Amino acid sequence: MIRVAAVADVHCGVDSAGRFRPHYEHLPEQADLFLIAGDLTRRGLADEALVMARELEDVAARVPTFAVLGNHDYHCDDQAIVAKVFDAAGIQVLEGESDTVEIDGHRVGVAGVKGFGGGFAGACGTEFGEPEMKAFVGHTRKVAGWLETSLLELATRDVADVRIALMHYSPVEATLRGERPEIYPFLGSYLLAEAVDRAGADLVVHGHAHGGSEKGVTPGGVHVRNVALPVINHAYNVYELGQQ
Amino acid sequence: MPSTPTEPDDYRIGRVQDTLAHELNELDVTVTLTGGGAFLTGTVTTPDRCAEITEVVRRELPGVEVHNDLSVASLAEPDGAEELK
């Protein structure tokens, strides 16, 4: 059995020192892996990342910890520096990449990508018209492709027998329930679910939709969990994968 | 620039939410203008954020009573684990 702890959207500010660290103290007793699905910072400042890295350093030293960045982490255009700060603290930031860890005799692979918006069947954008619209949907299509490739690599090289897709934006509408439907295209895209279903995975973890719902499933039958802090209303949630 | 009372509510709400996004990087507050004032709903990460948001909305909507109905997300440890089958 693999125990996965996950949270998203902690939105750490420069004034957040000490706010999160105590709440992660017992995580290593409850989980084998810690996933953070984006928006670790409020504005994407390196100083905010340094504060959050300090909050996470104890837990990351004891439990493999992976993250993807979210839209807030991109706000100041310092996302590369933000990612380096977390990487240096032992929190591996994935963007179109994957890695594996050995847990309880299983090789667990995590493929991570920020994702992006565009919407869902019957109400989604297309790469048509103005360059801005093409760029918007084209970005989602590109990063969904990275996700599919990363998941496929984990499968075809037989390097992982459990695969988890980690992203910030939502791949399905179900975990957006509670948000206003008008903004669904800014909260996720079916292209992310399509990538997961084509490549295969055991679990999708995302954030971003603060007003959404925790539980959903892709059209192909993969569990989806929205772990945005306001949704789970806990420091993290724990999901158990596989038979004990 | 603070909104003026003569503007339609839609534009005033839009301006307040734009200000919240730019000044506080807060995208998840719903502002509802009613005859009884402005009601703020949503979930934020700290009690300090609640106070900051209220202050900005009061400044942007002068003369409007602001009701802060925001919730603060809990950082409690989880009660247990969910087994995915």
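A residue is called buried if 20 or more other C-beta atoms lie within 10 Å of its own, exposed if 12 or fewer do, and partly exposed in between, with C-beta atoms placed from the backbone. The model before you is predicted, so local features need pLDDT of at least 70 and side-chain atom pairs count only at pLDDT 80 or more, while totals for chains, interfaces and linings use all residues. Residues are numbered from 1 along each chain as its sequence is written, and chains are lettered from A, with ligands numbered from 1, in the order in which they are written.

I begin with helix α5(A), residues 190-199; helices here are DSSP runs of H or I with at least four residues, and strands are runs of E with at least two, numbered from the N terminus. Of the 10 residues of α5(A), 7 are buried, including Tyr190(A), Leu192(A) and Val196(A). Just after α5(A), Gly200(A) has a positive phi of about 90°.

Next, its partner helix. The axes of α4(A), residues 131-156, and α5(A) come within 8 Å and cross at roughly 20°; axes are lines fitted to C-alpha atoms, for helices over the stretch in contact, and angles run from 0 to 180 degrees between N-to-C directions. The two helices are therefore roughly parallel, a term for angles under 35 degrees.

Finally, the core. The largest nonpolar core has 87 residues, and Leu147(A) and Leu166(A) are among those with the most contacts inside it; such a core is a set of buried Ala, Val, Leu, Ile, Met, Phe, Trp, Tyr and Cys residues joined through C-beta atoms within 7 Å. Apart from it lies another core of 11 residues, Val29(B) and Leu61(B) among them.

Conventions
Angles under 35 degrees count as roughly parallel, over 145 as roughly antiparallel, 65 to 115 as roughly perpendicular and the rest as oblique.
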